[in-house]
Amino acid sequence: MPKKNIVLVVMGVSGTGKTTVGKLLSEKLKYPFFDGDDYHPAENIKKMQSGTPLDDDDRKGWLIRLNQLALEHKKSGAVIACSALKKNYRGLLRAGLGNNIQFVYLKGSFELIKSRLESRKGHFMPLHLLQSQFDTLEPPLKALTYSVEAKPSKIVGDIVKELKQ
């Protein structure tokens, strides 16, 4: 287990397995899990469903709400799945958390992620918006980074090992 309780933000473009890895990680660490998509306002979901990518203004209120959620769990720990594609988005998520937040970046090639999204049903983000996510992505410099080519259980095991150090 980690040396201290922290908020872990599992991030990456749609289709990287943020929810799958996040849920497994929360079970392993005995932290609550929160899917950032559940906190999007209705207008954001409608915009994505219509095929229009979200812009920074669309995301700001959503990210502030996720930061509030993280602050509520600063001492007890939590796992939050959230795309957090840009550096400034991660800055909004990090506000007030100091060293009590750690980003976990799940990365993969466009082709692999596209094939995953093609087989996923029922998500509100259409496949054709994937390229806009890759275009927006600013890979984090300070994050635990894992390839999504590995099995989720392996990724979670590696994260837990890293957090123990």
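## Surface and charge

The accessible surface of the protein comes to about 8,500 Å². Carbon and sulfur atoms own 51% of that area. The model is a predicted one.

Charged side chains number 27 positive and 17 negative. The centres of the two sets sit 8 Å apart.

## Fold and dimensions

Seven helices and five strands make up the secondary structure. Read from the N terminus, the order is β-α-β-α-α-β-α-β-α-α-β-α. The radius of gyration is 15 Å, close to the 15 Å given by the globule rule for 165 residues, so the protein is as compact as a globular protein of that length. The C-alpha trace spans about 45 × 30 × 25 Å along its principal axes.

## Burial and contacts

Of the 165 residues, 45% are buried. Take the contacts between residues at least 6 apart in sequence: 76% of them join residues at least 24 apart.

## The aromatic pair

A search of the whole structure turns up one aromatic pair. Its members are Phe-110 and Phe-134, in an edge-to-face arrangement.

Phe-110 belongs to helix 5 (residues 110-119) and Phe-134 to helix 6 (residues 130-136), so the pair ties together parts that are 24 residues apart in sequence.

Terms used
Residues numbered from 1 in each chain as written. Predicted model: local features only at pLDDT ≥ 70, side-chain atom pairs only at ≥ 80, totals over all residues. Heavy atoms only, no water. Phe/Tyr/Trp six-rings, centres within 6.5 Å; stacked < 30°, edge-to-face > 60°. Helix = DSSP H or I, 4+ residues; strand = E, 2+ residues; numbered from the N terminus. Rg over C-alpha atoms; globule rule 2.2 N^0.38 Å. Buried < 20%, exposed > 50% of the residue type's maximum accessible area, 1.4 Å probe, protein only. Contact = heavy atoms within 4.5 Å. Areas by Shrake-Rupley, 256 points an atom, 1.4 Å probe, with all protein chains shown as cover. Lys, Arg positive; Asp, Glu negative; His and termini not counted. Charge placed at Lys NZ, Arg CZ, Asp CG, Glu CD.
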